[in-house]
Amino acid sequence: MTKRRRTEINNRTKDMQNSKLGLDFTKVAHAKDVARKIADDVQKFVEQYSTVAVERTLCRLLGIDGVDANTVPLPNVLVDEIKDKGVLGEGILFFLGNAIVETGMNPQQIAEKVAVGELDITTLPVHPTDKIKAALKPHVDASIKRISDRRAKKENYLNTIGEGPKPYLYVIVATGNIYEDVVQAQAAARQGADIIAVIRTTGQSLLDYVPYGATTEGFGGTFATQENFRIMRKALDEVGEEVGRYIRLCNYCSGLCMPEIAAMGALEGLDVMLNDALYGILFRDINMQRTLVDQFMSRVINGFAGVIINTGEDNYLTTADAVEQAHTVLASDLINEQLALIAGLKEEQMGLGHAFEMDPSLENGFLLELSQAQMTREIFPKATLKYMPPTKFMTGNIFRGHIQDALFNMIGIWTSQGIQLLGMPTEAIHTPFMSDRYLSIENAKYIFGNMKNIGDEVEFKKDGIIQSRAKEVLNNAIALLENIEREGLFTALEKGIFGDVKRPKNGGKGLDGVAAKGANYYNPFIELMLKGN
């Protein structure tokens, strides 16, 4: 028996002894092994392709920004140029590097010349590969340094003023106006919030470009732009210094611009980003081939920048029954974990999603929710788990809603969740007021303080409702994973295996932006970021 094998067995034995649920960690190890095979199969596909979003991301990482006379972002101008010429698969860096050698201009200058029709980067004389790579190197190195410096600034804050304890109190702002968002975000931080999520305007995930500049109009949220990120990060740094703890900023790198927004977040110091291709496939009808390629690049960037990703498994339970389909959440978490590991994310950077979404009229529903939350914590012991509040069965009765949120908060502290997305008593009525956030933060702080060590004190009855439920969900998740492994993830998604939603492999939005990598394809950022994380 090898030393590694002995270590694995010893760790499993230790986990089983420490499991309050009596979980069989041999089964957990098997589930993770199957999930890894599923992820490896997906990655074999991903590595053969690039997308317009990945190529635009490389433009942004080289410092290309701004818009043309028609307000089209310059990264789009460049990438559309090579896509329209049928050479997207050769990659934008090949053409940019070659243009730098030929013209002596920097990437921003080249983009501006292309935008006004004064330069065609696809028709320039081709220079040797080593010269192209050498011409790109200083711009690549500058980008890596800028992201590293931004991460170091955050870590300095954490080492000096510190941050709030886990579970982090996570609240949203969603006015549509970035300047109004700042007012509400700073107020929430003063009230006790640890993470501010700037909700993205409705429909932005389906835009195949990133809007430019500060924005003051949005529906149900605010546009995710690099300037908006900069404005909010500055505001949270200011209030963090005032209240004496670092305030984390969350936004969305999901949809058709996943890696672009990840790059913008890395450059501007975001801490948490919604990032889940499966969510985009199921709930935004984004083509699965496109978004899985985009997800890998986005997660490589997030990993290097020290960003915590939030995945969207909780959404499955808004379309499917939370009791019958709980195993689909666990199966998806296991797949997402393995895809994240491939992209270089540490376990601590994984905000794997799950939710408190059972019908409140269900007898012993609290025990079942407690079981599933504890199970998720035991199976992913290092993850900064993202726990979602009740939404599906919120009725507009603010008094019952506040109680539902209190039960959710009890489980959050009991099972040591990482990120607690605070429920609002006015869920299903309107976008939260500042007073609504205050009540939600007060609710959570009261329960988190009053029940701080309940998880250390209470044990579960052997083979009782709680233990039996966790074992049932794990067994069902394993069966589902084995089925997905046999069929492949793409086929499983076509059959509606998650959230009762079926999506065709060649359907959905964005497929025309996918291209097989050509002989000249070059992207040094992946290797550099994986090595540096």
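Analyst: A cavity is a set of points, on a 1 Å grid over the protein atoms alone, where a 1.4 Å probe fits but cannot get out, and its lining residues have an atom within 4 Å of a point. This is a predicted model, where local features need pLDDT of at least 70 and side-chain atom pairs count only at pLDDT 80 or more, while totals for chains, interfaces and linings use all residues. Residues are numbered from 1 along each chain as its sequence is written, and side-chain values use heavy atoms, with hydrogens and water left out.

User: Ok, which residues line the largest cavity?
Analyst: The lining is made of Leu-317, Ala-326, Val-329, Leu-330, Asp-333, His-354, Ala-355, Gln-372, Met-375, Thr-376 and Val-473.

User: And which helix gives the most to that lining?
Analyst: That is α14, with four residues; helices here are DSSP runs (H or I, at least four residues), and strands are runs of E of at least two, numbered from the N terminus.

User: Switching to rings, how many aromatic pairs are there?
Analyst: There are ten aromatic pairs, where rings of Phe, Tyr and Trp (its six-membered ring) pair if their centres lie within 6.5 Å, with planes under 30 degrees apart counted as stacked, over 60 as edge-to-face and the rest as tilted. In one of them, Phe-366 and Trp-414 have ring centres 6.3 Å apart and planes at 55 degrees, so this pair is tilted.

User: Where do those two sit?
Analyst: Phe-366 lies in helix α15 (residues 365–379) and Trp-414 in helix α16 (residues 398–414), so the pair ties together parts that are 48 residues apart in sequence.

Note on methods:
1 Å grid on protein atoms, 1.4 Å probe; cavity = no way out; pocket = protein on both sides within 12 Å on 5 of 7 lines; lining within 4 Å.
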